[in-house]
Structure formats: C-alpha cells, structure tokens
Amino acid sequence: MSTEDTWTLGPATGVGSMPGGDARESAKTVTGTFETPEQGTPYLAELPARGPGADMIGRTAGLLVELYARVEPSGWRVGDRPGRDTRRAVSWLGEDLDALEEFTQGYEGPLKVQAVGPWTLAAALELRNGEAMVSDPGACRDLTGSLAEGLRAHLAQVRKRVPGARLVLQLDEPSLTAVLRGRIKTASEYRTHRAVDRQVVESALRDVMAVHDGPVVVHSCAPDVPFALLRRAGAHGLSFDFSLLTERDDEVLGEAVEAGTKLFAGVVPGTDGPLSDPAGSVMGVRTLWRRLGLNPGSLAEAVTITPSCGLAGASPAYARAALAHCVRAARSLADNPE
C-alpha cells in the first residue's frame, strides 16, 4: 500500500453505527470529532434505531441492483420487486447523505463508507423458501454481483456529494467465520448449512473489494477473524474487537503489519461505561507490538484506534465521548509508542 493510502486510513475513526435517529446530529458529531485528517477519519453514520431499512442488513439490501428484499417476521427476504422496505432503506440513506454533505462542505481528506460484505449478507438474507442465501451457490454469485454494482454506484454518489473526500470502503463481515465453519443455522434451526469453500469465499470478497480503487477495510467484531484470508482477498485494513484477539493471531498480524496492512484496533468499549485514560486504552496495543517484536516507531502509522464495535447500543453522550476518546488514545500511541 502506498504512503498516500496509509495516510488516508487515519489515526482514529468509528466503526459505523451511532445511537438515535437524528441524521444531522450524528453527522455533526462524527465530522466534529474527526475534523481534520490528523484527528482521524469521519464516516457516513448508520442509525439502526430508526428500524428496518436503517439496520446494517436493510441498508445494504437497499444498495443492491436488480435484487430486492422485504421484511418478514424471520428477517429480510428476497422479493420480486422493490417494496416499501426497500424504499424506506433508500430514503434513510438519502437522509444520511444529505446530513453528511451539509457538514462536510469544503472538507478534504479521508472519509469512510460502510456496507455489509457479501457473506454476512448471504447469511442474513433469506431466499423465497425461507433458507439463507448462503445455502445456494448460484444465489451467492448473483448477490455478489449485485452488491458490487450497487457499491460502485453508492461510492460514486458519495464522491459527488463530498468531492474533496478520499474514500475508504469498509465491508462489515461479522458472520464470515460462521460461514467458513458451517455454523449458519437452517430455517428450522435444527441443522446448519454446510461450510462454504474458502476459495469461493475469498473470490467473492475480492470481486466486491475490486469496485473501489482506494483503501478497503474489512470489519468483524466476532472471534477468530480469518485475517490471512482477508489479506489475500485484498483488504488494506483489518478492523476487529481487540479484546477478542488471542496469541494464535500473533503470527498473521505480525505478517500483516510488515506487509503494510493497517490494523483497526477496537479498544474503546462500544456501550456505556467508564472510559480509562487514553494511554490505558492502548496499553494492550503496545504490549502486542512488543510481543511481535515490531518497531515501536511504526505503531502510529500501522494502527487506527476505534471503538470495539458500532455505537448503536450506546447513549448519545457516551458515543460522543467514545469517539473523542479514540482521538486522544491515538494521540497517546503516537506520542508514547513505548
């Protein structure tokens, strides 16, 4: 990855979701916290509290091209035509884009956009028979193509609204490990769908990442993130809940850092609670660096500080405090890498 790309990923950012339903208030908080590239990367916030269509699955389903989904009691299900739920998702995204555009007038720097990745989407969307799309290889291929086309159009729309932005694409893949291990339940919930072949998984991720000519980050706040697979698929950044790392991850993370992959370390709790001092929040990151035998001077460039996951479950006051804390923690890491 070039120096330009490394800079574009920034020292701190949020994961994506924010509490409440006020798009302007969320955009104001995010852009106000990450006002300059030196502070971090602002992002297009998601507000799932508004209901179906504002949740991460519904929001991304609204981006799909020639594939439509509607809400059933069991979740999101593929339908024949765009209905009320699709229109609602598109409308809320438009509202969020309007708010972002309002608060980024004249902005030049990194800007992050999130969408659900192909495998978490395939695990969550149901076919007409009620089974997850992940059970049908043909449906998964169609979904990957539709998502890639929809994301291409979405990124173009964001560029048009914030012309000074250098876009970072984040794919959310919390269900990826479950897909790889055959842990996605069938509609009856008595069995699970068979594991998807790793090469098929990697190929679909590569196809979706290829729609963006800038940095792509993959986020998962689940345990056992397949870091090596994500790097092979083309991820420039790996975003994760730092507390879920084990020493089994050391080797692959060390290789990732040495190859120029950025680590998005989720060290700030995503729900209300006491915040430690900024230096305390990144103590684990410094310990990891020592364990890996990496140069402390590379810490600030190699690591972006984030909350452990989205902030949808937090209070608005805590969400503001948590994002500001990420900025201070990143600064602490840069000032005192050892």
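The model is a predicted one. In soluble globular proteins, nonpolar side chains tend to be buried together.

**Stop 1: around Trp119**

Select Trp119 and show what surrounds it. Leaving aside neighbours within four places in sequence, Trp119 is in contact with Val134, Cys140, Glu173, Leu176, Val179, Val196, Val200, Val201, Ala204 and Leu205. Is Cys140 buried or exposed? Its relative accessibility is 7%, so Cys140 counts as buried, the cut-off being under 20%.

**Stop 2: the cysteines**

How many disulfides does the structure hold? The count is zero. Cys326 is in no disulfide, and the nearest cysteine sulfur, that of Cys309, is 12 Å away. Cys326 is buried, with a relative accessible area of 0%.

**Stop 3: the sheet**

Now hide the side chains and show the strands. Six of them form an open sheet with parallel pairing, and the order across it is β3-β4-β5-β6-β7-β8. Which strands stand at the edges? They are β3 (109-116) and β8 (303-307); each has a single partner strand, so one side of each is left without a neighbour in the sheet. From one strand to the next, the twist averages 25°. Strands of a sheet pair through backbone hydrogen bonds, either parallel or antiparallel.

- β4 to β5: strand β4 (residues 165-172) and strand β5 (residues 216-220) run parallel and are joined by four bridges. Select Leu171 to find Val218 of β5 standing opposite.
- β5 to β6: this pair is also parallel, over four bridges. Here Val217 stands opposite Gly237 in β6.
- β6 to β7: five bridges hold this parallel pair. Phe240 stands opposite Ala265 in β7.
- β7 to β8: these strands run parallel, with five bridges between them. The bridge partner of Val268 is Pro307 in β8.

**Stop 4**

Select β6. Five of its five residues are buried, so β6 is largely enclosed by the rest of the structure.

Trace the chain into and out of β6. Together, β5, α9 and β6 make a right-handed β-α-β unit. From β6 the chain crosses through α10 to β7, and this β-α-β crossover is right-handed.

**Stop 4: helix α10**

Select residues 250-258, which make up α10. Which residues of this helix are buried? They are Asp250, Val252, Leu253, Gly254, Ala256 and Val257. An α-helix has 3.6 residues a turn, so residues three or four places apart point the same way. To see what covers the buried residues of α10, show the elements that include α9 (227-233), β6 (237-241), β7 (262-268), α12 (283-292) and α13 (299-302). Then step just past the end of α10 to Gly260, which takes a positive phi of about 95°.

**Stop 6**

Most residues other than glycine have a negative phi, and most peptide bonds are trans. The last two selections depart from the phi part of that rule.

Where does Glu66 lie? It is in the loop between α3 (56-61) and β1 (68-72). Glu66 is not a glycine, yet its phi is positive, at about 60°. The relative accessible area of Glu66 is 69%, so this residue is exposed.

Finish at Glu189, in the loop between α7 (176-180) and α8 (198-209). Its phi is near 70°, a positive value in a residue other than glycine. With a relative accessible area of 55%, Glu189 is exposed.

Conventions
Residues numbered from 1 in each chain as written. Predicted model: local features only at pLDDT ≥ 70, side-chain atom pairs only at ≥ 80, totals over all residues. Heavy atoms only, no water. Buried < 20%, exposed > 50% of the residue type's maximum accessible area, 1.4 Å probe, protein only. Helix = DSSP H or I, 4+ residues; strand = E, 2+ residues; numbered from the N terminus. Contact = heavy atoms within 4.5 Å. Pairing = 2+ DSSP bridges. Axes fitted to C-alpha atoms, helices over the stretch in contact; angles between N-to-C directions. Disulfide = S-S within 2.5 Å. Right-handed = clockwise from strand over helix to strand, strands pointing away.
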